[in-house]
Amino acid sequence: MAATLIIIDQPPYGSWEGREALDMAFSLAAFDQPVSLLFCGAGVNWLRKAQNPGEVEQKSVEKNLAAATIFGVESLLADRSACDQYGLAPADLPEPVMVVDLGPELTSSFSHVAFAG
Amino acid sequence: MSGRLSKPAKTPAPAGVFTLVITGAPYSSQAPQTALHFARAALAANNRIDRVFLYGDGVHLASSLNTPPSDELNISAAWADLLADNDIPGVACIASALRRGLVDESEKQRYGLSASNLRAPFEIAGLGEWVASAASESRVLYFHKGS
């Protein structure tokens with residue numbers, strides 16, 4: 001079956017593109033299509049714990065992410081170099097997130113790759 | 001010998017079938033024009049476009065209210081003409097559309113809004129339409145706003 005990788009390279013809260021990319025992933029999962037999420041670039045900031053966006057009148061994206069595997073998203077992946085760049089150690093990341101190296105070896109294992117915005 | 005024209009041979013998937021996803025808004029990005037140029041070239045080369053899906057800011061393309069100056073391209077009208085002339089479904093994601101004030105008649109009634117503004121032949125539907133393309137043999141191309 002065609003597996004899809006949705007790549008979120010935008011930080012949370014600055015635009016709706018990441019949220020709408022997450023909706024795409026949830027929608028594939030809802031239709032029993034295999035899908036994984038990859039965070040790279042500034043997108044790894046989605047993975048920070050204890051986010052508090054109430055002051056900018058947004059909802060935290062942490063709950064959405066925590067629900068991802070429950071809704072059937074197969075894996076949550078974080079790009080190693082982006083984690084290093086933004087000071088996120090593997091121990092800082094939420095439980096189901098795996099650190100990977102983003103490159104052609106990874107993307108070629110998916111039949112469909114889509115970026116957020 | 002029959003005088004009828006034979007039906008064109010069905011273009012084999014996946015090489016000849018495309019789904020276009022437009023996420024960049026008209027007049028703030030070139031995405032809808034780039035997608036339109038791609039669509040014209042693909043159709044001219046006998047490829048098939050099974051669906052055009054508007055997502056995120058791309059839903060603004062389906063507004064019937066876009067009124068650029070008369071010496072500028074009306075990209076919404078140009079897209080509507082291409083879809084109608086080639087019988088291609090044009091679908092705006094309902095969640096993206098409602099957030100951004102793009103509604104059809106039934107959503108207008110559902111939410112008690114003062115007007116609807118969806119340009120024919122665009123339709124409003126769920127992400128399931130995109131899922132159907134992603135799960136099919138179509139090649140799905142994304143037209144983003146760019147950075």
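Residues are numbered from 1 along each chain as its sequence is written, and chains are lettered from A and ligands numbered from 1 in the order in which they are written. Because the model is predicted, local features need pLDDT of at least 70 and side-chain atom pairs count only at pLDDT 80 or more, while totals for chains, interfaces and linings use all residues.

**Chain B**

Chain B holds an open sheet of five strands in the order β4-β3-β2-β1-β5, with parallel pairing. Helices (H or I, at least four residues) and strands (E, at least two) are DSSP runs, numbered from the N terminus; two strands pair if DSSP finds at least two bridges between them. The edge strands of chain B are β4 (123-125) and β5, each pairing on one side only. On average, neighbouring strands of this sheet are turned by 30° against each other, direction ignored. Axes here are lines fitted to C-alpha atoms, for helices over the stretch in contact, and angles run from 0 to 180 degrees between N-to-C directions.

Strands of a sheet pair through backbone hydrogen bonds, either parallel or antiparallel.

| Strand pair | Bridges | Residue and its bridge partner |
|---|---|---|
| β1(B) and β2(B) | six | T19(B) and R51(B) |
| β2(B) and β3(B) | three | F53(B) and V91(B) |
| β3(B) and β4(B) | three | C93(B) and A125(B) |

Strand β1 of chain B covers residues 17-22 and β2 residues 48-54. From β2(B) the chain crosses through helix α2 (residues 75-86) to β3(B), a β-α-β crossover that is right-handed: with the strands pointing away from the viewer, the path from the first strand over the helix to the second runs clockwise.

In a regular strand the side chains alternate between the two faces of the sheet. In strand β3 of chain B (residues 90-93), G90(B) and A92(B) point one way and V91(B) and C93(B) the other way, and all are buried. A residue is buried if 20 or more other C-beta atoms lie within 10 Å of its own, exposed if 12 or fewer, and partly exposed in between, with C-beta atoms placed from the backbone.

Helix α1 of chain B (residues 31-44) lies across β1, β2 and β5 of that chain, and runs at about 170° to β1(B).

**Chain A**

The open sheet of chain A has five strands in the order β4-β3-β2-β1-β5, and the pairing is parallel. Its edge strands, β4 (97-100) and β5 (112-115), each pair on one side only. Neighbouring strands of this sheet are turned by 25° against each other on average, direction ignored. Four bridges link strand β3 (residues 75-79) of chain A to β4(A) in the parallel sense, and A78(A) has V99(A) as its bridge partner in β4(A).

Helix α1 of chain A (residues 17-30) lies across β1 (4-8), β2 (35-39) and β5 of chain A, at about 165° to β1(A). A67(A) lies in helix α2 (residues 62-68) of chain A and counts as exposed because it has 12 C-beta neighbours inside 10 Å. The C-alpha atoms of A67(A) and L5(A) are separated by 17 Å, with the two residues 62 apart along the chain.

**Contact between the chains**

In all, 14 residues of chain B are in contact with 15 residues of chain A, where contact requires C-beta atoms, placed from the backbone, to lie within 7 Å. On the chain B side, the elements giving two or more residues are α3 (94-99), α5 (128-134) and β5 (139-143). Helix α5(B) gives the most, with three residues. This side of chain B divides into eight nonpolar, five polar and one charged residue. Ala, Val, Leu, Ile, Met, Phe, Trp, Tyr, Cys and Pro count as nonpolar, Asp, Glu, Lys and Arg as charged, and the others, Gly among them, as polar.

Technical notes: Contact = placed C-beta atoms within 7 Å.
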